[in-house]
Amino acid sequence: MHKITHNWSEQFAFGALSSHFPADIPALQELVRQTPKLRVAGARHSFNDIVDTPGAILSLRGLERRIRIDAAARTVTVDGGTTYAELCPVLDAAGWALFNLPSIPDFTIVGAVSTATHGSGDGNRNLASSVAALDIVTATGDIVQLRRGEPDFDGAVVSLGALGVVVSLTLDLVPRFDIRQSVYHKLPFDDVVGNFDAVMGSAYSLSLFTHWNGDLVDQAWLKQREGETAPPTLFGGQPAPGESSPVWGKDPAGTTAQQGVAGTWYDRLPHARIGAIPAIGYEYQAEYFVARADAPAAMRAIKAIEAALHPALVVSEIRTIKGDEFWLSTNHGADSVGFHFSLVRDWAVVRPALLALEAALAPFKPRPHWGKLYVLPPSAVMPLYPRLEAFRALAARHDPAGKFRNTYLDRFIFGA
Ligand SMILES: Cc1cc2nc3c(=O)[nH]c(=O)nc-3n(C[C@H](O)[C@H](O)[C@H](O)COP(=O)(O)OP(=O)(O)OC[C@H]3O[C@@H](n4cnc5c(N)ncnc54)[C@H](O)[C@@H]3O)c2cc1C
């Protein structure tokens with residue numbers, strides 16, 4: 001297999017000397033034992049240098065990708081390189097589902113949970129919350145298993161790859177379900193801000209898409225389960241006349257079906273269908289999480305800097321995420337709202353926009369998405385994680401020599 005050279009958006013050329021694709025777990029364990037500096041790459045969809053290393057990059061693409069459903073335990077165990085796109089159709093065919101999904105299905109599941117990747121929904125935690133157990137090849141090459149309820153578990157699921165190579169995950173299942181997706185256009189901004197809880201609570205999963213201009217929020221995408229009814233209008237928003245793209249006015253090709261047509265969970269919860277996303281990225285992304293209670297004030301703060309944002313902005317998405325207890329989760333300790341920004345692929349244009357955004361959100365102590373772009377210094381990020389010291393101690397136990405550390409982790413986690 002060829003050398004791993006870039007992340008998906010091609011912003012970061014990896015400095016790694018070599019790429020490795022072990023064919024089985026013993027070969028992977030031997031590689032880990034022999035290699036002084038190592039990072040694991042999932043699908044490389046992270047936008048910053050989180051995967052980079054001056055040593056070796058390891059991919060699990062050459063390993064078997066087994067999917068083992070335990071109907072009695074209501075769990076599935078998957079091998080480390082498995083993607084949501086590979087897993088979901090198999091689960092669905094067997095009558096099972098995951099409780100939620102991100103906007104596209106192309107990530108490896110380990111890569112997604114390692115950075116606290118999320119979907120939306122007031123009652124939905126991020127995707128790491130479905131992990132019931134994980135197997136990690138640690139720095140010695142030995143396999144450590146951690147299960148939910150054990151002392152280190154909450155530190156090990158959202159790990160940013162700092163503890164070792166996750167070679168298997170066990171995930172909670174729910175019975176398969178259908179979703180109806182309905183899109184509403186042009187919601188008055190003040191009505192959305194004034195009724196934020198009611199708007200975001202109006203579906204199992206709900207995304208707002210907007211350009212922060214004019215007096216309108218462009219779109220609301222409601223993803224409803226059986227028993228939920230699409231309202232005739234949504235806080236002044238009108239039902240879309242046809243299929244919509246998240247980017248206002250763009251061709252909706254590749255998006256999951258809308259117009260209230262029922263479909264299976266994995267073909268409605270993401271915004272993009274399986275196979276719709278190109279292998280090379282077409283945008284940059286940033287995302288910041290603030291406490292749910294601060295959402296209306298944060299929305300007004302972002303709106304106030306719209307002129308600084310516009311040169312860089314493709315579209316913004318607003319989602320809600322239930323709080324959790326994972327030590328490095330961006331949703332740790334409180335329900336939160338995520339302000340996402342799809343951005344033009346030009347760092348010179350994006351950087352000033354992010355600086356303006358971060359200044360506007362500063363009063364709300366934003367946590368940046370671990371896998372996206374941000375300019376915040378470590379001194380602004382580290383104090384937002386009350387269990388950071390505990391995570392450092394956990395990493396030191398599993399990886400005393402820092403084999404899995406890189407510049408990104410040194411800066412934002414270890415403060416080196
Ligand atoms: C088009 C697009 C849409 C997106 N939509 C969303 C969204 O809806 N919600 C959201 O929250 N984020 C979203 N993201 C961000 C994305 O979910 C994260 O960047 C995620 O981490 C990507 O997973 P990956 O498999 O590409 O992992 P990578 O980017 O390759 O790696 C991420 C981290 O996981 C670690 N890792 C990967 N595999 C292993 C392993 N086997 N063992 C140990 N560590 C491992 C890596 O070392 C790294 O630290 C989006 C990104 C893109 C490009």
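1. In this predicted model, three secondary-structure elements, β2 (38-41), α3 (109-114) and β9 (165-172), each contribute at least two residues to the shell around the ligand. The largest share of that shell comes from α3, which supplies four residues.

2. The ligand is surrounded by 35 residues, and the closest are Val40, Gly42, His45, Ser46 and Thr108. Sorted by class, the shell holds 16 nonpolar, 15 polar and four charged residues.

3. The ligand taken alone would expose 980 Å², of which the protein buries 99%.

4. Turning to the rings, the count of aromatic pairs comes to 13. One of them joins phenylalanine 177 and tryptophan 265, with 6.5 Å from centre to centre and 35 degrees between the planes, and this pair is tilted. Phenylalanine 177 lies in the loop between β10 (174-175) and β11 (178-188), while tryptophan 265 lies in the loop between β15 (262-264) and β16 (284-291), so the pair ties together parts that are 88 residues apart in sequence. Both phenylalanine 177 and tryptophan 265 are buried.

5. A second pair is formed by phenylalanine 189 and tryptophan 212, whose ring centres are 6.3 Å apart and whose planes meet at 65 degrees; because that angle is over 60 degrees, the pair counts as edge-to-face. This pair, too, links distant parts of the chain, since phenylalanine 189 belongs to helix α5 (residues 189-194) and tryptophan 212 to the loop between β12 (205-210) and β13 (216-224), 23 residues apart. Phenylalanine 189 and tryptophan 212 are both buried.

6. Ring pairs also link Phe177, Tyr204, Trp265 and Tyr266 into a cluster, and one member of that cluster, tyrosine 204, has arginine 225 lying over its face at 5.0 Å from the ring centre. Another arrangement of this kind involves arginine 367, whose charged end sits over the ring of tyrosine 385, 4.9 Å from the centre of that ring.

Notes:
Residues numbered from 1 in each chain as written. Predicted model: local features only at pLDDT ≥ 70, side-chain atom pairs only at ≥ 80, totals over all residues. Heavy atoms only, no water. Near = heavy atom within 4 Å. Areas by Shrake-Rupley, 256 points an atom, 1.4 Å probe, with all protein chains shown as cover. Nonpolar A, V, L, I, M, F, W, Y, C, P; charged D, E, K, R; others polar. Phe/Tyr/Trp six-rings, centres within 6.5 Å; stacked < 30°, edge-to-face > 60°. Buried < 20%, exposed > 50% of the residue type's maximum accessible area, 1.4 Å probe, protein only. Lys NZ or Arg CZ within 6 Å of the ring centre and 35° of its normal.
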